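Please work through the following exercises with the sequence and the model side by side. Each task is followed by a solution that goes step by step.

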Amino acid sequence: MAALINVPAKAKRGDVIEIRTLTSHIMETGFRHTADGALVPRDIITSFTCRYNGTEVFRADLFPAIAANPYLSFFTVAKESGKFEFEWIGDNGYSSTASASITVE
Amino acid sequence: MIFWRAIAAATLLAAAPALLAGEIPPDARRSGYSFMGPDTRAMQDDDTSNPGMLFVLDGEALWAKKAGSADKACADCHGDATTSMKGIAARYPAFDKALARPVTLDQRINLCRANHQQAPALPYESRDLLALSAFVAHQSRGVAITAGDDPELKPFVAQGRDLFMRREGQLNLACTNCHDDNFDKRLAGAPITQAQPTGYPLYRLEWQTLGSIERRLRSCMTGVRAQAYDYGAPELVALELYLMSRARGLPMETPAVRP
Amino acid sequence: MPTTRRQFLSIAGGATVAGTIPIVTLRPLEATPAMLSTAIRNVVGEAQIHTGKVKLDIPPLVENGNTVPVTVSVASPMTATDYVKSIHVFNEKNPQPNIGNFYLNPSSGRAQVSTRMRLADTQKVVAIARMSDDTFWQVAADIVVTLAACTEEMN
């Protein structure tokens, strides 16, 4: 459950910063078949949440049309120093988290 | 259906009048990177958005993990990979004296596991083996390829070159027909590259995961409707050795992203 | 003469040496324009959808339908009283019409989201933004896909 997060280490209060996330997941669509004709069951990440010092600042619903190893980038206003927490939730009880710190001056 | 396939094949054969022997001169060698569009290049350029880096991260963890009945990690003998592994992948496949033949990086990892860690071999194309080889090869990113320089490798490079030049499969095509004679043209909408293996193991968008050069070669062989060699077969090792020596001078890009 | 795009892709794929194994099945399950409309109505309800404000940034000719970078941006001051509540992206021909829903708020600063999607065929992609005053704005883009995603069989 590796994740690559890109959050600026430092920002000025009020700056609009870009957060980029990449996590490993097969995102099996549920529309593919094996050579024998059996359906490969769906296995995807269904939701992503980003919390900034506990407050949700971004949320996404993901569908099978999101490519494998989902990449998500979004923006938020740098308000205060602290922590970003990222959570990916998916089929079959999948759950993965990551975090990144920021210093806001 | 077969009628149209034959027409397509005949058109390609007609476009390649004779087998142009000889390699692409060093200053004309181009990595597959130069054949991609800007969006795919952007995916490779940024380490935090390159999906291949997820595997490099996994490989970094495996490097430090103890394994086998010897309970040793790669790090125990090789220390910090950023120094000890720098330049290694750029000269692989390399000659193994004990086996008296070239081995690929994947095979070297498994030999180490067997001989020094007393750990079972990792299956070809398994996630762990790909992660480890991506991590090791990544340490050579930017280093110019020198594979094939060892004089002991000469007969194997020649074998690889033979395989590269030989027509095969129902479509009766040799690697050289496309990758020496027709690069920069397009086939079924996709650009034909020079087939320079600068970024392996790489994240192929078609696979939606990381894969080795052997997986790519086997795909190509299936593409011309030839029976692909098994993973680890001496023919695939010789081909990889020839391809790497043909790419001499190009810098490594592992982990690359390709369409 | 190949009669459908799928047949042509299958033949073209058979002749390619790019190395793919295009075992394309003629699959009846495919999104229809009706499914796309329904999916949009599920989000928008009976409200009118205006055109404008939303921009879709997708390469017009994608290199591989399995991974298509897409950026949606909405012109909005993103203040407490005038911001983008959510962005919804749909497609026309994948087996399923939804791609993703993205939920923003005034502290987002900029209404712009990027991700990578799968496109099974040449088709239209639609992005709809819901503003803080509950109005809906949309944009559509036609994307050409030369190698299909989603319909490749497992090896």
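Two strands are taken to pair if DSSP finds at least two bridges between them. The model is a predicted one, and every solution below should be read with that in mind.

**Exercise 1. The side of chain A that touches chain C**

Determine how many residues of chain A are in contact with chain C, and which strand gives the most to that side of chain A.

Solution. The count comes first: 28 residues of chain A are in contact with 29 residues of chain C. Turning to the elements of chain A, strand E5 (55–62) and E6 each supply at least two residues of the side that touches chain C, and E6(A) gives the most, with seven residues. Sorted by class, this side of chain A comprises 19 nonpolar, five polar and four charged residues.

**Exercise 2. A run of paired strands within chain C**

Follow C:Ala129 from one strand pairing to the next, and state which residues it faces.

Solution. Start from strand E5 (residues 84–91) and strand E8 (residues 123–131) of chain C, whose antiparallel pairing extends over seven bridges; here C:Ala129 in E8(C) is the bridge partner of C:Ile87. Then move on to E8(C) and strand E9 (residues 136–145) of chain C, which are antiparallel over eight bridges, where C:Ala129 stands opposite C:Trp137 in E9(C). E8(C) and E9(C) form a hairpin with four residues between them, and C:Asp134 in the turn has a positive phi of about 60°.

**Exercise 3. A loop residue in chain B**

Decide whether B:Gln194 is buried or exposed, and identify the residues that it touches.

Solution. B:Gln194 is found in the loop between strand E4 (190–191) and strand E5 (202–204) of chain B. Because 22 other C-beta atoms lie within 10 Å, B:Gln194 is buried, the cut-off being 20 or more. Leaving aside residues up to four places away in sequence, B:Gln194 touches B:Ile24, B:Arg29, B:Arg30, B:His179 and B:Phe183. The C-alpha atoms of B:Gln194 and B:Asp180 are 6.3 Å apart, although 14 residues separate the two along the chain.

**Exercise 4. Two helices of chain B**

Describe how H6(B) and H7(B) pack.

Solution. Helix H6 (residues 105–117) and helix H7 (residues 127–138) of chain B pack at an angle of about 110°, with their axes 10 Å apart, which means that H6(B) is roughly perpendicular to H7(B). By class, their contact has six nonpolar, one polar and one charged residues.

Definitions and conventions: Residues numbered from 1 in each chain as written. Chains lettered and ligands numbered in written order. Predicted model: local features only at pLDDT ≥ 70, side-chain atom pairs only at ≥ 80, totals over all residues. Contact = placed C-beta atoms within 7 Å. Nonpolar A, V, L, I, M, F, W, Y, C, P; charged D, E, K, R; others polar. Buried ≥ 20, exposed ≤ 12 C-beta atoms within 10 Å, placed from the backbone. Axes fitted to C-alpha atoms, helices over the stretch in contact; angles between N-to-C directions. Parallel < 35°, antiparallel > 145°, perpendicular 65-115°, else oblique.
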